[in-house]
Amino acid sequence: GISQSTGEIQVYNYPRISPQNENYRVRANGSDIFVYNTSAEPFAAFSGSGIVHIEVETLQAISDIGISPKKLGIVPKSEGNKISFYLPSGNNVALVIESKPILFIYANKTAENIPSPTDKGVYYFKAGQVYEVGELRLKDNETLYIEGGAVVRGCVRATSAKNVRIGGFG
């Protein structure tokens, strides 16, 4: 198995009003990662490169643990209420702990080819803010980019549009 961290990470900056899950505390390479609470299951997301050391702490002691997908062969270590494992960037996993909500961890690869917010035809949404867009209609040669940590509410349409690009981890 993988036994050491080799990568750098980028922590996402979520809006202050974002609902934080109180059952889990997550760290990636020693940095605190926001655990977003959703109506389905909580998730923690960040961008990185290489191998990332993940630490998860829960409120109560942990018993049965599983990490999916199984094909990644990740073997977590646990002690009391703490779990740790190594995760190659670019993988999304589900941490399944008996009698607790599933925790999804999104280890996105560091973004490349990021457009400039000032480029023509670019709708750019910065991290740390909530955007109410209503309906956003993308036309030919336009780009939508949502930084990790940005929250965009509304509908995006690209009907009969050509050369449309959508990117980011928000």
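"How do the residues of the lining of the second largest pocket divide into nonpolar, polar and charged? Let's start there, and thanks for coming, everyone. Keep in mind that this is a predicted model.

The answer is three nonpolar, two polar and seven charged. The pocket itself has a volume of about 200 Å³. Going through the lining, you'll find Arg 25, Val 26 and Arg 27, then Glu 55, Val 56 and Glu 57. Lys 77, Ser 78 and Glu 79 line this pocket too, along with Lys 82, Ile 83 and Ser 84. As for where they come from, strand 2 (24–28), strand 6 (51–58), strand 8 (77–79) and strand 9 (82–88) each supply at least two residues of that lining.

Now to the backbone, which I know some of you enjoy. In general, most residues other than glycine have a negative phi, and most peptide bonds are trans. With that in mind, have a look at the bond from Ser 68 to Pro 69: this peptide bond is cis, with omega near 5°. Pro 69 sits in the loop between strand 7 (65–68) and strand 8.

Next, a pair of asparagines. Asn 29 is not a glycine, yet its phi is positive, about 50°. You'll find Asn 29 in the loop that runs between strand 2 and strand 3 (31–33). Its relative accessibility is 27%, so Asn 29 counts as partly exposed.

Asn 163, also not a glycine, has a positive phi of about 55°. Its place is the loop between strand 15 (151–157) and strand 16 (165–168). Asn 163 counts as exposed because its relative accessibility is 60%, and the cut-off for exposed is over 50%.

Definitions and conventions:
Residues numbered from 1 in each chain as written. Predicted model: local features only at pLDDT ≥ 70, side-chain atom pairs only at ≥ 80, totals over all residues. Heavy atoms only, no water. 1 Å grid on protein atoms, 1.4 Å probe; cavity = no way out; pocket = protein on both sides within 12 Å on 5 of 7 lines; lining within 4 Å. Points joined across faces, edges and corners; volume = space filled by probe spheres on them. Helix = DSSP H or I, 4+ residues; strand = E, 2+ residues; numbered from the N terminus. Nonpolar A, V, L, I, M, F, W, Y, C, P; charged D, E, K, R; others polar. Buried < 20%, exposed > 50% of the residue type's maximum accessible area, 1.4 Å probe, protein only.
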